[in-house]
Amino acid sequence: MRALALIARLFRSAAKIQRKRMILTVTAIAWGTVAIILLLSFGEGLKRSLQTGRRGLGENIVIIWMGETEKAYAGLPAGRPIRLLPEDVDLVLASVPEIASAAGEMHNWNVQLVNRRTALNKRVVGVHPAYEELRTSYPQSGGRYIDEMDQKLKRRVVFLGDQLAKDLFDGADPVGMTLLVADTPFTVIGVLQKKRQMGMYGGPDADRATIPLSTFEAMFGRRYLSNLVYKPTADALAPVAKRHLMEVLGAKYRFDPADTRVLEFWDTIEDSKMMNAIMIGLEAFLGVIGALTLIIGGVGVANIMFAAVTHRTREIGVQMALGARRLYITGSVVLESLALTFAGGAVGIGIGATIVQILAAVQARVKSEAMEFLGTPTISIPIAVTTVTLLGLIGLLAGYFPARRAVSVQPAEALRFE
Amino acid sequence: MFGNGRNGKNGKEGQNGVSNGAIIALTGIRKVYDTGAVKVEALRKVDLEIKRNEFVAIVGPSGSGKSTLMNIIGCLDTATEGSYRLRGEEVAGMSIDRLSDIRNRRIGFVFQNFNLLPQLTAFENVEMPLLFKGAPAKERRERVETLFEQVGLADRMQHRPVELSGGQMQRVAIARALACEPDIVLADEPTGNLDSAAGSDIIGKFEELWAKGHTLVLITHDGAIARRTRRIVHVQDGTVVDDAPAA
């Protein structure tokens, strides 16, 4: 403890002599810290923005489109179209244990929706109730999604995308109101919560109407599903789920489970893995740029420590003559270097955090697509840990080499130094 | 090793070749400074023994090698050749940290220009070797206070070196040299920066220490000071040319 106090005392007096240079060095470190914090927090903001954007489609789901066979199978020729039926959803749920949840989906691309004098031609989809969670289509408060009873009773109820509701009802609350869907009166039961959706097929969920699948079948006389959406019980089980699903459906429709053209899979789990890999790469890149800036500050610290060590050669000689071991001398130099680095780091973290706060506040006020995509810069715990670790490393290195020089001379020589 | 009793107060004449009882035994010490272009032989074949409770002056003109000799005795520098046994222990080839420990515990230094750290108080300067030794706080404080009593500066402990006179600074330096109860006190021109009164006072202090049983080695070019010691070693051209009891 006392030894530390001694080091601190010597450091303070050295700081007095080299005040200007120390201020410059601390500024350089602060600058580097600000750079690294801003870069990393922008990266973090972008990552989070992308994550919420992906969640808009659904979390870790797989979407299936139907195609045709490419291989002849069991005496049947290639080129047969395979179409799935709503009851295949139940079949898949019952026969593939690795699938936690599934829903069928039918699309009608052009249906007239009329509310009094407002008439719009929009997409209408019919879905199973499980679609709500699979495709993160949660209702705003005061409304609900399509449920099992709607499906069972083929109720004429409609769930509206938030943008569509705004366009049709001009901002008024549509829940409980009547809407004409292809000239048939439907009751609006809910409106989609606003969500950011990056992945989509057919268009954004915000701009379409959703009705029970059974109602859809009856109204539009459809039999086949447009898509089937499912979610595996665990991400790691996705390939097994896919294989089992192919086997089950292959047995029913008599196609080769290895035939890749029968069904087309959009595996968002794979997507998110790739996205994560890209994000890690991007963050590493930003981090490296920040670190390089910080290293320039570190060179400044090393420089000032070299000067300090030279300036104090005699002092160090005296300490060695009195019995200071090498570790004490190097330790004190490294400690001083760390003190300088962390002083700059503290200033930089303060400034960086303030800038991030200001940017976030500005962003909340300014509405812009680009800004929204970029996300809100965020300082996370890993960013803080990375920054502090880097500062520590740079401080250590910037102190280590001057410290080595300090103990490289014989005390006799150091004592002669003027 | 050599016990704590002050056995034999008769180390007044140099007895080369007898290693028993010697605190310092230099044999065939050579020191060459290699400055790249030229090699300077500062010491050539120095043999010297100093026993417990001797009071020795090493004298010689400047450039004679007496400072180099003192650096080697003080383990501040290592010899190019030869053997140096400090209390029977061979110093040559010791690690840097081991030498630090030797200096810390066995050797006390008094320098011509005091070499007190100006940022620290007199108390802290004296405390420093005890810190390096790793003595606990209480022991350090008691020891430092005792030392200041001894050198008669008990009322100056909290002063900075700049607030002290030259003679006072040198007394602080003596207190510091004695902090870890060294086997030997090495003083390099201790009066060189002092006026004659203060210088005489410092030599008086050394005489006092000698009377108490300390072993002292003084490096000086001042004959008057050398004559106040008990044994004078003359160094010239890097070797001992004369070694005799002081008249």
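Tutor: Two residues are in contact if their C-beta atoms, placed from the backbone, lie within 7 Å. This is a predicted model, where local features need pLDDT of at least 70, side-chain atom pairs count only at pLDDT 80 or more, and totals for chains, interfaces and linings use all residues. Residues are numbered from 1 along each chain as its sequence is written, while chains are lettered from A and ligands numbered from 1 in the order in which they are written.

Student: Which residues of helix 2 of chain A meet helix 13 of chain A?

Tutor: A:Thr33, A:Ile36, A:Ile37, A:Leu40, A:Ser41 and A:Glu44 do. Their partners in helix 13 are A:Ile383, A:Thr386, A:Thr387, A:Leu390 and A:Leu391. This contact has 6 nonpolar, 4 polar and 1 charged residues. Ala, Val, Leu, Ile, Met, Phe, Trp, Tyr, Cys and Pro count as nonpolar, Asp, Glu, Lys and Arg as charged, and the others, Gly among them, as polar.

Student: Why are helix 2 and helix 13 of chain A called roughly antiparallel?

Tutor: Look at the angle. Helix 2 (residues 19–55) and helix 13 (residues 381–406) of chain A pack at about 155°, with axes 10 Å apart. Angles under 35 degrees count as roughly parallel, over 145 as roughly antiparallel, 65 to 115 as roughly perpendicular and the rest as oblique. Therefore these two helices of chain A are roughly antiparallel.

Student: What is the handedness of the crossing of helix 2 and helix 13 of chain A?

Tutor: Helix 2 of chain A passes helix 13 of chain A in a right-handed crossing. That term applies if the near helix is turned clockwise from the far one by less than a right angle.

Student: What makes strand 6 and strand 10 of chain B edge strands?

Tutor: Take the open sheet of 6 strands in chain B, with order 6-7-8-3-9-10 and mixed pairing. Two strands pair if DSSP finds at least two bridges between them. Strand 6 (107–110) and strand 10 (239–245) of chain B each have a single partner strand, so one side of each is left without a neighbour in the sheet.

Student: How do you know that strand 6 of chain B pairs with strand 7 of chain B?

Tutor: Count bridges. Strand 6 and strand 7 (residues 184–188) of chain B are joined by 4 bridges and run parallel. The pairing rule asks for at least two. Within this pair, B:Ile107 stands opposite B:Ile184.

Student: How many residues of chain B are in contact with chain A?

Tutor: 20 residues of chain B are in contact with 20 residues of chain A. Helix 2 of chain B gives the most to its side, with 6 residues.

Conventions. Axes fitted to C-alpha atoms, helices over the stretch in contact; angles between N-to-C directions.
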